[in-house]
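Trainee: I am new to this structure. Can we go through it step by step?

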Amino acid sequence: MVFDALTQIAMYEYMIPIVKSSKIISSDGIDTLAEFTLTRLLLRATVKHTVLQNQRILKFMLDKNQVNHVVKE
């Protein structure tokens, strides 16, 4: 149940209070690149998620190819 919810990356802004907005940049069924804006400091982060469905593993890390910075609203 928790794993299934965490694989719904596009829904994070509705499930995780600190996520103000989310945008899927790309997805191939295993790897998903998403940009999140986090509340409080309006920190924008681009995160790569890897979902290994058969093993029920979700890996995530900041995308090293994207700029991750604090923004003003």
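Mentor: What follows covers strands, turns, core and pocket, one question at a time.

Mentor: This is a predicted model, where local features need pLDDT of at least 70, side-chain atom pairs count only at pLDDT 80 or more, and totals for chains, interfaces and linings use all residues. Residues are numbered from 1 along each chain as its sequence is written, and side-chain values use heavy atoms, without hydrogens or water.

Trainee: Which residue in β4 is the bridge partner of threonine 50?

Mentor: β3 (43-52) and β4 (57-62) have a loop between them. These strands run antiparallel, joined by six bridges. The partner of threonine 50 in β4 is lysine 59.

Trainee: Which residue of β2 is the bridge partner of serine 27?

Mentor: Strand β1 (residues 19-27) pairs with β2 in the antiparallel sense, over seven bridges. Their hairpin has three residues between the strands, and glycine 29 takes a positive phi near 95° there. The partner of serine 27 is threonine 32.

Trainee: What phi does arginine 56 take in its hairpin?

Mentor: Most residues other than glycine have a negative phi. Arginine 56 has a positive one. The hairpin is that of β3 and β4, with four residues between the strands. The phi of arginine 56 is near 55°.

Trainee: Which residue takes a positive phi in the hairpin of β2 and β3?

Mentor: This hairpin has four residues between the strands. The positive phi there is near 75°. The residue is arginine 40.

Trainee: Is threonine 37 buried or exposed?

Mentor: Threonine 37 is found in strand β2. Leaving aside neighbours within four places in sequence, its contacts (heavy atoms within 4.5 Å) include Val19, Leu43 and Arg44. Buried means under 20% relative accessible area, exposed over 50%, partly exposed in between, with a 1.4 Å probe and protein chains only. Because its relative accessible area is 11%, threonine 37 is buried.

Trainee: What is the relative accessibility of arginine 44?

Mentor: Arginine 44 lies in strand β3. It counts as partly exposed. Its relative accessibility is 28%.

Trainee: Which residues make up the largest nonpolar core?

Mentor: A nonpolar core is a set of buried Ala, Val, Leu, Ile, Met, Phe, Trp, Tyr and Cys residues joined through side-chain atoms within 4.5 Å. The largest has seven residues: Ile9, Tyr12, Val19, Ala34, Phe36, Ala45 and Val47. β2 (31-38) and β3 each supply at least two residues of this core.

Trainee: Which strand gives the largest share of the lining of the largest pocket?

Mentor: On a 1 Å grid over the protein atoms alone, a pocket is an open set of points where a 1.4 Å probe fits, with protein on both sides within 12 Å along at least five of seven lines; lining residues have an atom within 4 Å of a point. Tyr12, Phe36 and His49 are among the residues that line the largest pocket. β2, β3 and β4 each give two or more residues to this lining. The largest share, four residues, comes from β3.

Definitions and conventions
Pairing = 2+ DSSP bridges.
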